Amino acid sequence: MTPGTATLGLRGAALALAAAGLGYTLWRGVHDPGHALAFGALITIGELARWGALPGEREPAPLGAAGALAYALLGRSGGQPTSHGALQVVAVVAAAQLVASVPQLARGDGPGADQVARRLLTVAFAAVCFQPLYNAGGSERWFGDGPYYAAFLLLLLGLTALCDAVLAALLLRARTRPRGSRAKQAPAPYGPLLRDELRALTGIGSAVCATGAVMALGVAAAGLWALPVLCVPLLLTQLSYRRFAAARTTYRQTIASLARSTEIAGYTPHGHARRVAELCTAVGREMGLSGPELTVLEYAALMHDIGQLSLVDPVPDGATALLPAAEQRRIALLGGAVVRQTGVDAKVAVVVERQADPYREQPLSARIVRAVNAYDDLSGESLSGPLGALEQLRLGTGHDYQPQVVESLARVLARGGLTPVPPG
């Protein structure tokens, strides 16, 4: 199954599920309408809190996600059993998404179809795992109302988080497929993407799951009055995280501007730093680097040529891969010194200043930067071309380039076609 087919399948499944939930609820009537209204309003407010969400934010609506999970795992309210089922949970979440989408579409920043489908399928998974078992009396018989019941909810939330990570990686795999790629080209590897999503669960994902469990338990004990009290901490956390993410985005933009200084000064071709950074990130993900390691790698790749600003005469075409080893090391050391003066993370400076060392002495990030930079330098029209550049890298694996990095680069290029990214 291709990534595009899988994405269409997930969207179709979510649409069918939403239609079934809404149709069933309209036909049979709404059970516990007060609870449905309260949780629907909470999910809607959480979705509307996407206002100002940053591009690429993993969970731009944590309050809505936590509210949806809490409703899916709600069995009692104020000590009294509830009677809604899994299909009504789906209906309430779908209706809340529809209500929230009106102002979101008006301001042009609503969630994409993939995000909506992922949210609906994840919540449906939790509801199907919990509601039939609870309504049949199984959870009360097996776990009671004490700590074992709380542990049961946490277990279900862990499985739900795993389901969400699987769906997120599948959708990301489809989005990272090269544009205009042919059917014979392999899609992006699923394993590294899933590892990234699982690692991300320790961040905002764990807060969402924990808040969902606490909301369900709080309402079970105190009724709907617990909802506004329990949602405030997550809302404040969301606002704080949004500020942190904005600062991080500004930080990255500053690094990108510094990296462009070599292009503006005429030392490197236009778009070289961006191309190297994109390829380095893809190769690093292929080799299993984690999120923080990928960030360091991306920043180092953006700034890898900044040492060329110390040269009196620019290197022809900015191709440092063609310089003598001693000159490459000198430029790398000067670049590392510049990076340290900018206040960027010292790990980035280490990668920049060690990119010209023999690969057996380099950290993995420096090996990746060196190989990818050489590929981009050598693949220009006036030099070797993409196939010739890759062949030269393979010939240099005895001393200059790590074989595993070169082969990972070859796999990344094969998925996108062995053609250099056009500048600009």
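A crossing of two helices is called left-handed if the near helix is turned anticlockwise from the far one by less than a right angle, and right-handed if clockwise. The structure is a predicted model, in which local features need pLDDT of at least 70 and side-chain atom pairs count only at pLDDT 80 or more, while totals for chains, interfaces and linings use all residues. Residues are numbered from 1 along each chain as its sequence is written, and side-chain values use heavy atoms, with hydrogens and water left out.

Helix packing comes next. The helices (H or I, at least four residues) are DSSP runs numbered from the N terminus, as are strands (E, at least two). Their axes are lines fitted to C-alpha atoms, for helices over the stretch in contact, and the angles run from 0 to 180 degrees between N-to-C directions. Angles under 35 degrees count as roughly parallel, over 145 as roughly antiparallel, 65 to 115 as roughly perpendicular and the rest as oblique. H3 and H8 pack with their axes 8 Å apart, at an angle of about 40 degrees. That angle makes H3 oblique to H8. Helix H8 (residues 190-222) also meets helix H9 (residues 226-259): their axes come within 9 Å and cross at roughly 165 degrees. H8 is therefore roughly antiparallel to H9, and their crossing is right-handed.

Leu155, Leu159, Leu162, Val166 and Leu198 make a nonpolar surface patch of about 390 Å². Patches are built from residues with over 30% relative accessible area and no salt bridge, where like charges are joined within 9 Å and nonpolar side chains (Val, Leu, Ile, Met, Phe, Trp, Tyr) within 5 Å. The areas come from the Shrake-Rupley method with a 1.4 Å probe, and for residues only the protein chains shown count as cover. Which helix gives the largest share of the nonpolar patch? Helix H7 (residues 147-175) does, with four residues. Leu162 has its place in helix H7 and is partly exposed, with a relative accessible area of 40%. Here buried means under 20% relative accessible area, exposed over 50%, and partly exposed in between (1.4 Å probe, protein chains only). Arg199, in helix H8, is partly exposed at 37% relative accessible area. The C-alpha atoms of Arg199 and Ala165 are separated by 9.4 Å, although the two residues are 34 apart along the chain.

Charged side chains also pair up. With a salt bridge taken as a side-chain nitrogen of Lys or Arg within 4 Å of a carboxyl oxygen of Asp or Glu, the count comes to 13 salt bridges. In one of them, the side chains of Asp114 and Arg11 meet at 2.6 Å, N to O. Asp114 lies in helix H5 (residues 113-135) and Arg11 in helix H1 (residues 3-28), so this pair ties together parts that are 103 residues apart in sequence. Is Asp114 buried or exposed? Asp114 is buried, with a relative accessible area of 12%, whereas Arg11 is partly exposed at 36%.

Another salt bridge joins Asp376 and Arg275 (3.0 Å, N to O). Because Asp376 lies in helix H15 (residues 364-378) and Arg275 in helix H11 (residues 272-286), the pair ties together parts that are 101 residues apart in sequence. Asp376 is buried at 11% relative accessible area, and Arg275 counts as buried at 9%. Salt bridges that share partners join Arg329, Arg354 and Asp357 into one network. The side chains of Glu263 and Arg260 meet in a salt bridge too, at 4.0 Å, N to O. Glu263 counts as buried at 13% relative accessibility, while Arg260 is partly exposed, with a relative accessible area of 43%.

Asp32 lies in the loop between H1 and helix H2 (33-48). Asp32 has a positive phi of about 50 degrees although it is not a glycine, and Asp32 is partly exposed, with a relative accessible area of 23%.
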